[in-house]
Amino acid sequence: MKNIKMTQSETASITLSDSNSAISAFQIWKGFHWSFIIQIQGLIICLQRFERSLVSGNLAMAQTELTTATDLMLASGAAMQLAGSFSPRDYAQQVRPSMMPPQVQSDNFSGLMSWEHAALMQLWKRLTPAFRTLPAELQPQHQRFVEAYLMLATSHRAVCEKFGGDSTGSLRFEAGNAIDTLDKFAQLRLQTLDPNRRGSHHCPFSPPA
């Protein structure tokens, strides 16, 4: 019999599917979003240390911080995947209402409102000139970092699509198409993280030529 190896996220997803009778969709959504936020907080710390290492000329430390930031980006992507480990019906009945009034004060609730998102976007913009002029020693780590971002963006897109984002708007942008909005964000952020397009990656969110 052929051996089948599974990733940690795939194994966890099966475990969640087997125990969904005991765990509500809301608990899964909330728990893995908390995990996602913790990973993003760690990512912010790593990139701040990466920035300081570049300024001081400590390339060995910069390599370590960028590698760790890549691992945290991948972990946040896995958390995003697992956050959607339930059916679209459960999302519509349990999760989406929890992000709407009267459960929350805002009628356009979004992760964009979190301080973590704001801090990370500011940091990425500040690092764009550094990414544009990275020493050759750091370029392999940088390419893996960009690829990790693409994995995160793809995971976010897949969850959004699973729950109807290809045909409806998000809570924040109800008039538009949620998938189209995510694709535009992904393109802009990729330009910020890889301004020179050094990597061999192809952005899956770019429109066809």
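Helix α2 spans residues 25-56; over its 32 residues the distance from first to last C-alpha is 47 Å, close to the 46 Å expected at 1.5 Å a residue (the expected span being 1.5 Å times one less than the number of residues). Helices here are DSSP runs of H or I with at least four residues, strands are runs of E with at least two, and both are numbered from the N terminus.

The model is a predicted one, in which local features need pLDDT of at least 70 and side-chain atom pairs count only at pLDDT 80 or more, while totals for chains, interfaces and linings use all residues. Residues are numbered from 1 along each chain as its sequence is written, and side-chain values use heavy atoms, with hydrogens and water left out.

The protein chain holds 7 helices and 0 strands. Of its 209 residues, 39% are buried (under 20% relative accessible area with a 1.4 Å probe, protein chains only; exposed is over 50%, partly exposed in between).

At the start of α7, the backbone nitrogen of Ile179 has a side-chain oxygen of Asn177 within 3.0 Å. Buried residues of α7 include Ile179, Leu182, Asp183, Arg189 and Leu193. Among the elements covering the buried residues of α7 are α5 (115-132) and α6 (139-162), with contact taken as heavy atoms within 4.5 Å.

Methods:
A polar contact is a pair of N or O atoms within 3.5 Å; within protein, one must be able to donate a hydrogen and the other to accept it, and residues adjacent in sequence count only if both atoms are side-chain atoms.
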